[in-house]
Each structure stands twice: as structure tokens, then as C-alpha cells.
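Welcome! Please take a moment to look over the sequence and the fold shown here before reading on.

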Amino acid sequence: MKDYPKILIFYQPFNSYSGGGITLTNLFLGWPKERLAVLSYPFMLNEVSWEVCGNYYQLGNKEFRWIFPLNMFKQSYPSGVLKFEGAGLKNYSIHRAGLKNRIANSFINPLIEWLGLHHCISRLNFSIDLQKWLSDFAPDIIYLQVSNRESIAFSRRLIEYLETPAIIHMMDDWPTTISIYGPLKTYWRTVIDREFRGLLDKVSLHLSISDAMSDEYFRRYNKVFKAFHNPVNNLAETELTLNKEAPSKHFRILYLGRIGTANKNSIVWFANHISQHYDDHFPVVFDIFSKDNKTPEMEEIGHLRNVNIYNPVKYERVWTLMKEYDLLLLPMDFTSAGLKFSKFSIPTKASEYMFSGTPILILAPEETAVCRFFMAHNCGYCVTTFERSALNNALNVLIHDGQYRETISQNAYKIARERFDGEKVRREFHDLLITTKNR
């Protein structure tokens, strides 16, 4: 029997809606539940999953301090272990939509971010309660997913305090976008880069989300990063069912997941194009299922012809839903900020899309890792420009060429089984963590 070390996970909790949370869940599935614990912020703990891990500590007012006068406007949260009641979570981090929060969100936070002050206006400390929780759990390894200066600093302090090996797992290239606005952007970019490199020096194992990111980070940081992407579960129970035939009435396109910096503009552009697209045989319909369906951009495109916006479905429903559509959209933004953030990332949903048997349309700049991956393996149709003619050509092929649909779907499924089979990936991941403990 394997000697599973106790893992303290800092920052990213287990959940079923964010890329980091889903990847974390699928990588640690099968790890003894009592040997996992999560330490995180209140805003990260709103919808945690408890099936894989049931030990969560919320960093609250005993550890978290805002400088004056921001402490007068920022909401305070209690510290401590989150309590589970039956099948649900008794959540300490309830957002209060009061006057102070409206002032903070409307005026103070945007100003602070533009000035770059969000990098230095708060501190995390080790309270007596946190020290006791850490001592009681006594982790063997710290697993880190971080994305801001405060989490970088606290990660270094955790490593020093616990004197245990640490692992960092990079989901996106946030170091290039952490400071791109305001008069102090160059100063903060330099400071955070130096501090992040210091954290990398303290870490025993470096993980990335793609081979492209590993290559870039070796060049940039002179560290060897091993790629672990989101694995897909229960493949032994599934068979490839190709969705290769022409649709009977409508050609239905699906997007599932978060909408934000990395893909928002591409989704909006795609929706506007679909609303104006005409096919002599098949009307094209674009459906979006997202947690972010109430943003102004989504509410605007939700009124477009042949575009529908829906609430997210439960994660268990995702697999079936993908098979009900004729095409799956995998978009990445062409903006400077979006490209910097996601250039070396492959979205979590990509591996799930590939197993579905439904053809995939990638809308992304040619230099992104996701576009390079799908082109190299001929397992999806890549549109690499915001030109209507390019998208029209793509839709024409994907709607009418059944043989092509079959080819890219078969290729996607084959590559996914080789690289993203949950059982194989987890075995490698778990063995790597066990080896890290015993170094």
C-alpha cells in the first residue's frame, strides 16, 4: 500500500467550476481524504467541493489585516475551520451587499488597483488558531497555486514555518499580467518578479499546465517544470461515440465554463458572428452555459439571434451535454492582456472536450499553446484570426464534411487517452508527490 503523505494545499480549494479547482480535484481523486487540507481566502471558499477533502481553514480577521483606512471599508470575515453540515458546507464567507461593500467595489478597489496599491495594503499572519490547525494536521508537503504578491509572500513564510517540501503548480502565466496598469506598474512588476523567483528557489517541485509553459518557464526562470493538465475520469467505462453526421435540423454549438479575461472578447465576437450567419441547409445556434452569465457582455449577446445564455449545469451533467451538440467552442482572447495571461495555458475543458467525440473549434491566436497543440495533432479546427471569412470557412467545413469531423474527433480521442487518462495521470502525479516527500 502506498505511503500517502499529508498535503497542505494553499490558495486553491477543490471545486467544480474553476479551472484550478477542477484540475486539483481530478489530480487528487483517490488520495486519502484525511491526508488533505486546504488553507485559503474567504473569496475562494464560496462553493468548495468536499468529496475529495473535508478539512478547510479560512484565513479571516485573525490572520488578515488591511492597512488604515481601508480596514474601515473592507468586509471582515471570521477565521477558522469550515464546518460541514450533512452534505453541505456551513460557509463563513458570506458576502454582505452593504454600503461599505458598494463603496469599496465602485470606487476604492478600482483606484487601488490602478495605483498598484493592492500589492501592499494587506498582510497575512500566523494566528494562534492557525498555528494550532497547522500543528494538528502536520503536513508533509505544501502544494501551492498562487497568483498575487500576498500569496507569494505567505507561501514563502509557510515553507519556512513548516520546514516541509513544497510544490508549485502554475495554471496560467499570471506573472506577465500581475502589473500592467497604472504609474507604478514597472516598479511592481520588478518587485513581484524578484519575489516570485525567490519562491521558486524554495520550492522542491515545479509543475505547469502545458509543455509550452514548461518550455517557456525553463527559458525564463531556469527551472524544470513538469506538465500536468486536467485529467479525465472513468474512461474505462466510456467508448468513443463519434458525432460525425450532419445535423437533422440545426447545427448546435456549445460553450461551457467561465468567461473572463482569457476568453470574453472572443466569445462576444463569435456570438455576434453566429447571429449573422446563414446556412442554406442548417440554421446555426450557439448556446453558452456559464456561471458568468449575468455580466453586461453576456446579457447583451443573450438578445442576439440564435444565441442563448444559460445557467451552468452540474459538473456531472457536462459529459452528457457535450455529446448532445454538433460542435464545441474553445475560445481564447486576441487582446494583449488575454494573450499574455493564457499564451502558455491549455484550458481545463480542453481534455474533456477531446473525450466527448464531438468536433472542436478552437478560436485563438496561432501562438497560443492550445492552438499549437490542436494543430500539431490535427484534433480540432483552428481559427486564428478575427476575420469573418475564416470563421465562415470553418463552419462550412464542420457542418458539411462528415469525414473531416470524424477524423479530428478520432484524433482528439486518441491523443486524450494517451495524455489525459485520469487513472494514468493520477498514478504518475501521486507517485511524484510520494517521491517528493521521501527526498
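What follows is a short tour of this model, from the whole protein down to single residues.

Keep in mind that this is a predicted model. The protein has 15 helices and 18 strands. Of its 439 residues, 53% count as buried. Among contacts with a separation of 6 or more, 73% are between residues 24 or more positions apart.

**The eight-stranded sheet**

- Let's begin with an open sheet of eight strands, which has mixed pairing and the order S5-S3-S2-S1-S9-S10-S11-S12.
- Its edges are strand S5 (80–81) and strand S12 (225–227); each has a single partner strand, so one side of each is left without a neighbour in the sheet.
- Helix H6 (residues 211–221) packs on this sheet, where it touches S11 and S12, and its direction makes about 175 degrees with that of S12.

**A closer look at strand S11**

- Strand S10 (residues 166–169) and strand S11 (residues 205–208) run parallel and are joined by three bridges.
- Across this pair, Ile 167 stands opposite Leu 205, and the bridge partner of Ile 168 is His 206.
- S11 also pairs with S12, again in the parallel sense and over three bridges.
- Which way do the side chains of S11 point? Leu 205 and Leu 207 point one way, while His 206 and Ser 208 point the other way, and all are buried.
- This is a pattern to remember: in a regular strand the side chains alternate between the two faces of the sheet.

**The six-stranded sheet**

- Another open sheet has six strands in the order S15-S14-S13-S16-S17-S18, and its pairing is parallel.
- Strand S15 (307–310) and strand S18 (381–383) stand at its edges with a single partner strand each, so one side of each has no neighbour in the sheet.
- On average, neighbouring strands here are turned by 25 degrees against each other, direction ignored.
- Inside this sheet, four bridges pair strand S16 (residues 327–331) with strand S17 (residues 360–363) in the parallel sense.
- Helix H9 (residues 315–323) lies across strand S13 (251–256), strand S14 (284–289) and S16, and runs at about 155 degrees to S13.

- Which residues of helix H3 (residues 128–137) are buried? They are Leu 130, Trp 133, Leu 134 and Phe 137.
- Seen down the axis of H3, these buried residues fall within an arc of 95 degrees, so they line one face of the helix.
- The other side of H3 has the exposed residues Ile 128, Lys 132, Ser 135 and Asp 136.
- The cover over the buried residues of H3 includes strand S1 (7–10), strand S2 (36–40), strand S3 (56–58), S5 and helix H4 (149–162).
- After H3 comes Ala 138, which has a positive phi near 50 degrees.

**Helices that pack on each other**

- Helix H1 (residues 19–28) packs on helix H15 (residues 422–437) at about 85 degrees, with the axes 8 Å apart.
- At that angle, H1 is roughly perpendicular to H15.
- Asn 26, Leu 27 and Phe 28 of H1 meet Val 425, Arg 426, Phe 429, His 430 and Leu 433 of H15.
- The residues of this contact of H1 with H15 are five nonpolar, two polar and one charged.
- Helix H13 (residues 388–400) and helix H14 (residues 402–419) have axes that come within 5 Å and cross at roughly 90 degrees.
- H13 and H14 are therefore roughly perpendicular to each other.
- Their contact is made by Val 397, Leu 398 and His 400 of H13 with Gly 402, Tyr 404, Arg 405 and Ile 408 of H14.
- In the contact of H13 with H14, four residues are nonpolar, two are polar and one is charged.

**A buried residue in a loop**

- Thr 177 lies in the loop between S10 and helix H5 (185–202).
- Is Thr 177 buried or exposed? Its relative accessibility is 18%, so Thr 177 counts as buried, given that buried means under 20%.
- Leaving aside neighbours within four places in sequence, Thr 177 is in contact with Ala 337, Lys 340 and Phe 341.

Key
Residues numbered from 1 in each chain as written. Predicted model: local features only at pLDDT ≥ 70, side-chain atom pairs only at ≥ 80, totals over all residues. Heavy atoms only, no water. Pairing = 2+ DSSP bridges. Helix = DSSP H or I, 4+ residues; strand = E, 2+ residues; numbered from the N terminus. Contact = heavy atoms within 4.5 Å. Axes fitted to C-alpha atoms, helices over the stretch in contact; angles between N-to-C directions. Parallel < 35°, antiparallel > 145°, perpendicular 65-115°, else oblique. Nonpolar A, V, L, I, M, F, W, Y, C, P; charged D, E, K, R; others polar. Buried < 20%, exposed > 50% of the residue type's maximum accessible area, 1.4 Å probe, protein only. Arc of directions from axis to C-beta.
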